[in-house]
Amino acid sequence: MSSISIFGFFGLATGRRVASQKPGASTKSYHCFYTTALQCSSGVALPAELRVYSPFNDSVLADNTVAFVVAKAHFPRNESVLLEASHIVPLPGDPSSDEYDNNLPDSPYPFIIGLGSVPSRFETLSDGVSKAFNVVSSEFVRDGLKTSSLQCIFDGSRPRWSRTPTPNVNSTIQYFGSFAGVTQDGIPRVTLDSIILNVGHNEPSTAATAPTPIKKWKFAAFAAPMYVHVPFSPDPSSLIYSQRW
């Protein structure tokens with residue numbers, strides 16, 4: 001079990017439409033590629049390349065268009081992030097206008113939700129209270145399964161994490177948060193907003209109490225009405241409410 005998905009607002013530029021054909025396929029498929037950046041709360045921006053399927057007669061977006069994006073992701077070490085978008089929703093307005101940026105949502109840091117395994121113990125960061133641990137997740141990006149490493153952080157300045165246990169080594173977790181920056185080793189850092197521990201771990205269950213059977217009568221004194229659905233028509237005279245017994 002593993003996945004990495006990102007969603008948020010991205011600035012897109014240098015769009016190009018590219019045709020490709022898989023071995024043995026008789027038809028071509030088209031994708032649009034964009035240069036973008038994954039902004040972090042620390043001020044760091046990770047370079048990224050976004051790909052999205054391009055239907056017939058599609059056209060690329062204008063440079064500096066901001067769009068809401070939902071994408072799968074891969075984080076190769078010290079290289080551009082690869083984003084495989086399933087949804088791109090351009091925000092209205094003229095990207096070349098000086099007023100365009102003033103009307104955009106104030107949410108520059110994308111969110112990430114993923115499922116992955118914890119390969120090692122946590123470490124305490126330099127502030128003495130925040131805790132960090134690595135997570136390994138895989139996702140199908142650029143026509144293949146690719147594995148990424150991320151570092152998740154329990155922010156010690158937030159009281160909610162003071163009593164939250166860190167994940168066990170080799171356990172599977174689901175994590176959700178926003179990007180904070182990168183480690184010295186080039187691993188993206190995620191400040192957590194939510195975590196689910198021990199995903200897939202089956203707790204012993206107690207036997208369910210059998211429901212009290214309800215007697216079914218052979219004969220009913222009252223019949224429940226059954227309604228026949230009639231498609232809508234603009235002619236009021238054709239609207240029929242019928243009841244079948």
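How many bridges join β3 to strand β5 (residues 81-90), and do these strands run parallel or antiparallel? In this predicted model, β3 and β5 are joined by five bridges and run parallel. Within β5, the residue that stands opposite Leu-50 is Leu-83.

**Strand pairing around β5**

Strand β5 also pairs with β4, here in the antiparallel sense and over eight bridges.

**Two residues in their surroundings**

Ala-62 is found in the loop that lies between β3 (45-53) and β4 (65-74), whereas Thr-191 has its place in strand β11 (residues 188-196). The table sets out the accessibility of these two residues.

| Residue | Relative accessibility | Class |
|---|---|---|
| Ala-62 | 46% | partly exposed |
| Thr-191 | 17% | buried |

Thr-191 counts as buried because its relative accessible area is 17%, and the cut-off for buried is under 20%. Ala-62, with a relative accessibility of 46%, is counted as partly exposed.

When residues up to four places away in sequence are not counted, Ala-62 touches Leu-12 and Pro-95. Ala-62 and Ser-96 are 34 residues apart in sequence, while in space their C-alpha atoms are 8.7 Å apart. For Thr-191, once its neighbours within four places in sequence are left aside, the contacts are with Ile-153, Asp-155, Arg-158, Phe-176, Gly-177, Ser-178 and Ala-180.

**The largest pocket**

Empty space of this kind is found by rolling a probe the size of a water molecule over the atoms, which shows where space is left. The largest pocket has a volume of about 220 Å³. It is lined by 14 residues, of which Phe-9, Gln-39, Val-66, Ser-107 and Pro-108 are the closest to its centre. Strands β1 (3-20) and β2 (29-39) each supply at least two residues of this lining.

Terms used:
Residues numbered from 1 in each chain as written. Predicted model: local features only at pLDDT ≥ 70, side-chain atom pairs only at ≥ 80, totals over all residues. Heavy atoms only, no water. Helix = DSSP H or I, 4+ residues; strand = E, 2+ residues; numbered from the N terminus. Buried < 20%, exposed > 50% of the residue type's maximum accessible area, 1.4 Å probe, protein only. Contact = heavy atoms within 4.5 Å. 1 Å grid on protein atoms, 1.4 Å probe; cavity = no way out; pocket = protein on both sides within 12 Å on 5 of 7 lines; lining within 4 Å. Points joined across faces, edges and corners; volume = space filled by probe spheres on them. Pairing = 2+ DSSP bridges.
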